[in-house]
Amino acid sequence: MSAQFEQRLKAWRHAFHRHPETGFEEVDTSARVAGILEGLGLEVHRGIGGTGLVASLRVGEGAGVIGLRADMDALNITEQVPEREHASRIDGKMHACGHDGHMAMILGAAQLLCERRDFNGTVRFIFQPAEEHGCGAKAMMADGLFQRFPVDAIYGAHNMPGMPAGHIATRAGGIMASEDNFVIRIQGRGTHAARPHMGVDPLVTGAQIVVALQTVVARNVDPGLSAVVSCTEFLTDGIRNAIPTHVTIKGDTRSYSPEVQKLLETRMREICMGICAANGASCEFEYTHEFAPTVNWAENTALAVEAARAVVGEAAVDGEVMPMMISEDFGAFLQQVPGNFVFIGNGANGETGGTPLHNACYDFNDGILKTGAEYFAEVVRRSLPL
């Protein structure tokens, strides 16, 4: 039975991998998920927040309700492993973050729970679109997710290359950061490269801003708190022998609290405006909040750790993992309901599953599918005891 179950999980995962779809376009993916859930005898509610869906399983008369969430979207990346039997068949798109595996794990948990029925209450299987750009969770909630399908707590997971396969790690409090995006538009006055005194150089101004922004974390953020400011694009309308008129700087910031987010935005705006004014240039500063920080609730984290130990053993569980500055749309759910998010090791560096996320050669490690399914089923069993 175990081998047959693992083969089914693998088949589901490979089918998702062959047909990747990006945010809010997961029409085929959502239909495949719904078909599997309906095949398990569950009623599926579709079209929540776009392509999202929810299926519920009730056992007994218990009043408790637990949500299990998987993300469905792929990335606009061209897969570079043509010999892979289950390689993407959609040009320019691939599951380079493992959401294909996340779906298969939650579907596996659904099958286990349907068969075992070893809990008393209701479990909701939540399949979310558009995680990669931080839009899907908000879309589902705006569409009444928790009003139509209320939960007492919600649980999620992400595979993690670089971590030994099948190990599970989490922590109470902040585990992943917020992501805010910024755009700085500088307008100077273009001129001939040989006559710089005739213009206002936005390149020099922009270079000063890029360097000065690095002082925000070093000199304004409490050293006991975490934050990152990264300038990632520097665009101009100049040519080799002409100083440009316009420079655009783009990037993002990462942090864990609203207070630090506000500090970063305020100081960055002040620095940009001040340097531009000092150089005679004008400035537009745009700052947007894309991902909420993922902050685990203490009680749910304790339960998640115990569930993980029951599945993989104490030695393979880290209940106090160091937080990471990556972001996850799951954080938006945790602002509305209690819950926990874990990392499941996809494979150590240099081993199967060790290729980094968002890499054109990445693949989810099929060897951890059953681990994830059993973990989620155990979370439900412990949350809703008979």
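Trainee: Is Glu-179 buried or exposed?
Mentor: Glu-179 is buried, since its relative accessible area is 13%, where buried means under 20% relative accessible area, exposed means over 50% and partly exposed is in between, computed with a 1.4 Å probe on protein chains only. Bear in mind that this is a predicted model, in which local features need pLDDT of at least 70 and side-chain atom pairs count only at pLDDT 80 or more, while totals for chains, interfaces and linings use all residues. Residues are numbered from 1 along each chain as its sequence is written, and side-chain values use heavy atoms, with hydrogens and water left out.

Trainee: Which side chain does Glu-179 meet in a salt bridge?
Mentor: Glu-179 pairs with Arg-254, at 3.5 Å from N to O, a salt bridge being a side-chain nitrogen of Lys or Arg within 4 Å of a carboxyl oxygen of Asp or Glu. Arg-254 belongs to strand β12 (residues 246–255) and Glu-179 to strand β8 (residues 178–187), so this pair ties together parts that are 75 residues apart in sequence. Helices (H or I, at least four residues) and strands (E, at least two) are DSSP runs, numbered from the N terminus. Arg-254 counts as buried too, at 17% relative accessibility.

Trainee: How many salt bridges does the count come to?
Mentor: The count is 22 salt bridges. One of them joins the side chains of Asp-100 and Arg-13, at 2.9 Å from N to O. Asp-100 lies in helix α3 (residues 99–116) and Arg-13 in helix α1 (residues 2–18), so parts that are 87 residues apart in sequence are tied together by this pair.

Trainee: Are those two buried or exposed?
Mentor: Asp-100 is buried, with a relative accessible area of 0%, and Arg-13 counts as buried at 0% relative accessibility. Both also take part in a network of salt bridges that links Arg-13, Glu-79, Arg-84, Asp-100, Asp-363 and Asp-366.

Trainee: Switching topic, how many disulfides does a search of the whole structure find?
Mentor: The search finds zero disulfides, a disulfide being counted when a pair of cysteine sulfur atoms lies within 2.5 Å. Cys-283 is in no disulfide, and the nearest cysteine sulfur, that of Cys-276, is 4.0 Å away. Cys-283 is buried, with a relative accessible area of 16%, and Cys-114 is buried at 14%.

Trainee: Which residues does the UniProt "binding site" annotation cover?
Mentor: According to the unreviewed UniProt entry, the annotation covers Cys-97, His-99, Glu-132, His-158 and His-358; UniProt positions are given in the numbering used here, feature names are shortened, and annotations may be inferred rather than shown by experiment. These residues are spread over 262 residues of sequence but cluster in space, with a largest C-alpha distance of 13.1 Å.

Trainee: What does Cys-97 contact?
Mentor: Leaving aside neighbours within four places in sequence, Cys-97 is in contact (heavy atoms within 4.5 Å) with residues including Glu-132, His-158 and His-358. Cys-97 is found in the loop between β3 (65–71) and α3, and it counts as buried at 6% relative accessibility.

Trainee: Where is His-99 found?
Mentor: His-99 is in helix α3 and counts as buried at 0% relative accessibility. With the neighbours within four places in sequence again left aside, the contacts of His-99 are Asp-71, Met-72, Asp-73, Glu-131, Glu-132 and His-158.

Trainee: Last one, how is the protein chain divided into domains?
Mentor: Domain 1 covers 3–176 + 293–383 and domain 2 covers 178–291, with bounds that come from an automatic or database domain assignment. The C-alpha centres of domain 1 and domain 2 lie 37 Å apart, and the contact takes 16 residues from domain 1 and eleven residues from domain 2.
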